[in-house]
Amino acid sequence: GEDVPPERVYVELEEHYHTRLLAYVLDMFGLPFQVIPPPMMMRQFVKTNVFLPERFGFPFVGAGEMAGCIMFDELRRVGVELFADEPDVAARIELLYTEILTDELGHVGYCAASCTRAGRAIMRWLYPLFGRFFARQTAEISLLTDREKLHARLDAPFDVEGLAAGVSNETFVAARP
């Protein structure tokens with residue numbers, strides 16, 4: 001609608017773009033891209049965030065975006081590590097996940113900028129909980145990452161600057177969580 005801010009439209013478009021990037025990673029290996037419903041708890045999480053009033057939802061969505069940054073960074077790291085002996089494949093994995101991570105960092109900043117100070121504190125508090133939840137609900141994360149290392153990353157304060165320094169793309173984060 002005309003009443004939707006352009007930045008919201010942009011974020012929605014990026015989410016669709018991320019799905020295409022992930023499909024490209026699968027395509028590199030000749031694997032089919034299958035759209036299947038997420039597990040029931042993950043669907044309920046998404047529905048809750050969709051139906052919450054926007055100003056109450058930003059801390060929850062922001063925490064989810066923060067957790068997503070860690071997940072995508074881990075998938076990028078593991079993918080590059082797994083295909084280290086195939087430099088072209090490793091470079092493509094690095095490129096695609098870097099694109100996603102760059103956008104996700106922007107989403108974190110957008111949510112943080114849309115929150116009050118208390119909302120940003122809620123984002124920081126919820127993000128490790130959401131990260132653990134996402135890891136349990138996502139088979140790829142569970143199978144490819146080391147649980148203890150992942151939990152250690154989630155237990156550490158969210159490091160926007162560290163994540164941004166790890167990508168070759170210029171990142172824009174409107175506000176720090």
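Visitor: What covers the buried residues of helix 7?

Guide: In this predicted model, the cover includes helix 3, helix 5 and helix 6 (139-144). The buried residues of helix 7 are Leu150, His151 and Leu154.

Visitor: What makes the buried residues of helix 7 line one face of the helix?

Guide: Viewed down the axis of helix 7, the buried residues fall within an arc of 95 degrees, and therefore they line one face. On the other side of the helix, Glu148, Lys149 and Asp155 are exposed. As a general point, an α-helix has 3.6 residues a turn, so residues three or four places apart point the same way.

Visitor: Why is His151 counted as buried?

Guide: The relative accessibility of His151 is 16%. Buried means under 20%, so His151 at 16% counts as buried. His151 belongs to helix 7, which spans residues 147-155.

Visitor: What makes the approach of the side chains of His151 and Arg132 a polar contact?

Guide: The distance given for the two side chains is 3.5 Å. A polar contact requires a pair of N or O atoms within 3.5 Å, one able to donate a hydrogen and the other to accept it. The pair of His151 and Arg132 is therefore counted as a polar contact.

Visitor: Which atoms approach each other at the start of helix 7?

Guide: A side-chain oxygen of Asp146 comes to within 3.1 Å of the backbone nitrogen of Glu148.

Visitor: How do you know that Glu74 is buried?

Guide: Glu74 has a relative accessible area of 4%. The limit for buried is under 20%, so Glu74 is classed as buried. Glu74 is placed in helix 3, and a polar contact of 2.6 Å joins its side chain to that of Arg77. Apart from neighbours within four places in sequence, Glu74 is in contact with Thr145, Leu150 and Arg153. Leu150 is also one of the buried residues of helix 7. Between the C-alpha atoms of Glu74 and Asp103, which are 29 residues apart along the chain, the separation is 16 Å.

Visitor: Why is Thr98 counted as buried?

Guide: Thr98 has a relative accessibility of 2%, and buried means under 20%; Thr98 therefore counts as buried. Thr98 is part of helix 4. A polar atom of its side chain lies 2.6 Å from the backbone oxygen of Glu94. Once neighbours within four places in sequence are set aside, Thr98 is in contact with Arg76, Val167, Ser168 and Asn169.

Visitor: How many aromatic pairs does the structure hold?

Guide: The structure holds five aromatic pairs. One of them, Phe72 with Tyr97, has ring centres 6.4 Å apart and planes at 40 degrees, so the pair is tilted.

Visitor: What makes Phe72 and Tyr97 a pair that links distant parts of the chain?

Guide: Phe72 lies in helix 3 (residues 54-82) and Tyr97 in helix 4 (residues 87-113), 25 residues apart. Phe72 and Tyr97 are both buried.

Visitor: Why is the aromatic pair of Phe130 and Phe134 called tilted?

Guide: Phe130 and Phe134 are 6.3 Å apart, centre to centre, with 40 degrees between the planes. Rings pair if their centres lie within 6.5 Å; planes under 30 degrees apart count as stacked and planes over 60 as edge-to-face. Phe130 and Phe134 are buried, and together with Phe133 they form one aromatic cluster.

Visitor: What makes the chain as compact as a globular protein of its length?

Guide: The chain has eight helices and zero strands. Its radius of gyration is 16 Å, close to the 16 Å that the globule rule gives for 177 residues, and therefore the chain is as compact as a globular protein of that length. Along the principal axes, the C-alpha atoms fill a box of roughly 45 × 35 × 35 Å. Of the 177 residues, 41% count as buried. Among contacts with a separation of 6 or more, 78% are between residues 24 or more positions apart. The accessible surface comes to about 10,600 Å², with 60% belonging to carbon and sulfur atoms.

Methods:
Residues are numbered from 1 along each chain as its sequence is written. This is a predicted model: local features need pLDDT of at least 70, side-chain atom pairs count only at pLDDT 80 or more; totals for chains, interfaces and linings use all residues. Side-chain values use heavy atoms; hydrogens and water are left out. Rings of Phe, Tyr and Trp (its six-membered ring) pair if their centres lie within 6.5 Å; planes under 30 degrees apart count as stacked, over 60 as edge-to-face and the rest as tilted. Helices (H or I, at least four residues) and strands (E, at least two) are DSSP runs, numbered from the N terminus. Buried means under 20% relative accessible area, exposed over 50%, partly exposed in between (1.4 Å probe, protein chains only). The arc is that of the directions from the helix axis to the C-beta atoms. Contact means heavy atoms within 4.5 Å. The radius of gyration is taken over C-alpha atoms; the globule rule is 2.2 Å times the number of residues to the power 0.38. Accessible areas come from the Shrake-Rupley method with a 1.4 Å probe; for residues, only the protein chains shown count as cover.
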